Amino acid sequence: MSQDDSTIYLNGSYLPRSQGSLSIDDRGFIFGDGVYEVFRAVDGELFQGRAHVTRLLRGLDALGIQIPGEVEDPGLLAIARSLLARNRHDTGQATIYLQVTRGAAPRTHHFPTPSVPPTILLYTSTFRHPEGLHEKGARCVLHSDRRWSRADIKSVNLLPNVLAKEAARKAGATEALFVRDGMLLEGSSTNLFGVLDGVLRTYPPANYILRGITRDVVLDLAAGHGIPTREEGIPMEELPRVSELFITGTTTDVLPVIQVDETSIGKGRPGPVTRRLQRALQEEMLRTGTPTG
Ligand code: PDD
């Protein structure tokens, strides 16, 4: 089935993607006033579905956007599963994009009064990793973090992320790593892990990063494999001493990083901790065939 023929969910209706349309007054379009999630699905079942919904609800709460109770739970997961079935993603891998905005109302910066129904959109896509990248490893560039200080909210305001990713692409790299106050934080659409002095480190879940669902799964897997972990950022100047580096995300899994700007990481090829976690996450994901909710 081509993407154009697929079924989407928009504001209570299932319809062909080509018939999905939004008001020009939608505050997602006008202000970037909304949040989103990207889910991964294996054989028709969501990987960490509940965790994604929990993060979405936290974001909605932080922004004061309300969605109808029955859509909240179990609605969103049920809609996502229904779309997977309707779009024949019951075998193979797929992603689900979910976006909620404050809704459509004449343009005022403050929230519409009275409030308007939120816009709720979900659609699915077939998923495949870029050929060979996960075996070979990726190159990244450093990028100054100019985002607001609530990067923990998965808001659709992604302009700094878009500009950073484009800078990476122009440099022939896969990802841009945000640096703030000399610390490595995360990628433009990924979290960052590094091995320093034998300890797997990643930035703590504060307001300066998005607390990735994959990040948390990888931390658990590392603990289960007896790999020492610490939620502490890596200073940029320590990069030459880092023995392994990788990025994680819903559409990235565990992706080894072998070079950052001109600095070669470790031996310049994916290291053993990265490989173990790459395999462990893959196995965890394949177990997704049984519903986790
Ligand atoms: N991005 N950090 C940022 C800034 C992100 O945008 C993402 C996800 C992550 C990883 O989070 P998770 O493991 O929950 O996917 C970290 C999604 C995939 C995107 O924007 O497409």
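Ala, Val, Leu, Ile, Met, Phe, Trp, Tyr, Cys and Pro are counted here as nonpolar, Asp, Glu, Lys and Arg as charged, and the others, Gly among them, as polar. By this division, the lining of the second largest pocket comprises seven nonpolar, six polar and six charged residues. The structure under discussion is a predicted model.

Two or more lining residues are given by each of α4, β15 (253–260) and α7 (272–286). Helix α7 supplies the largest share of this lining, with seven residues.

The largest pocket has a volume of about 900 Å³. It is lined by 39 residues, of which Tyr36, Lys154, Ser188, Ser189 and Thr190 are the closest to its centre. Elements that give two or more residues to this lining include β3 (34–42), α2 (49–63), α4 (133–136) and β14. The largest share is that of α5, which contributes four residues. By class, the lining of the largest pocket divides into 14 nonpolar, 18 polar and seven charged residues. Domain 1 (7–126) and domain 2 (133–286) each provide at least three residues to the lining of the largest pocket.

Aromatic contacts were examined next. Four aromatic pairs are present in the structure. The ring centres of tyrosine 9 and tyrosine 14 lie 5.4 Å apart with the planes at 70°, and the pair is therefore edge-to-face. Tyrosine 9 is buried, because its relative accessibility is 7% and the limit for burial is under 20%. Tyrosine 14, at 30% relative accessibility, counts as partly exposed.

For phenylalanine 193 and phenylalanine 246, the ring centres are 4.9 Å apart and the planes are at 10°, so this pair is stacked. Phenylalanine 193 belongs to strand β10 (residues 191–196) and phenylalanine 246 to strand β14 (residues 244–249), so the pair ties together parts that are 53 residues apart in sequence. Both phenylalanine 193 and phenylalanine 246 are buried. A single aromatic cluster is formed by Tyr36, Tyr97 and Tyr123; Tyr36 is also among the residues closest to the centre of the largest pocket.

Technical notes
Residues are numbered from 1 along each chain as its sequence is written. This is a predicted model: local features need pLDDT of at least 70, side-chain atom pairs count only at pLDDT 80 or more; totals for chains, interfaces and linings use all residues. Side-chain values use heavy atoms; hydrogens and water are left out. Rings of Phe, Tyr and Trp (its six-membered ring) pair if their centres lie within 6.5 Å; planes under 30 degrees apart count as stacked, over 60 as edge-to-face and the rest as tilted. Buried means under 20% relative accessible area, exposed over 50%, partly exposed in between (1.4 Å probe, protein chains only). On a 1 Å grid over the protein atoms alone, a cavity is a set of points where a 1.4 Å probe fits but cannot get out, and a pocket is an open set with protein on both sides within 12 Å along at least five of seven lines; lining residues have an atom within 4 Å of a point. Grid points are joined across faces, edges and corners, and a volume is the space filled by probe spheres set on the points. Domain bounds come from an automatic or database domain assignment.
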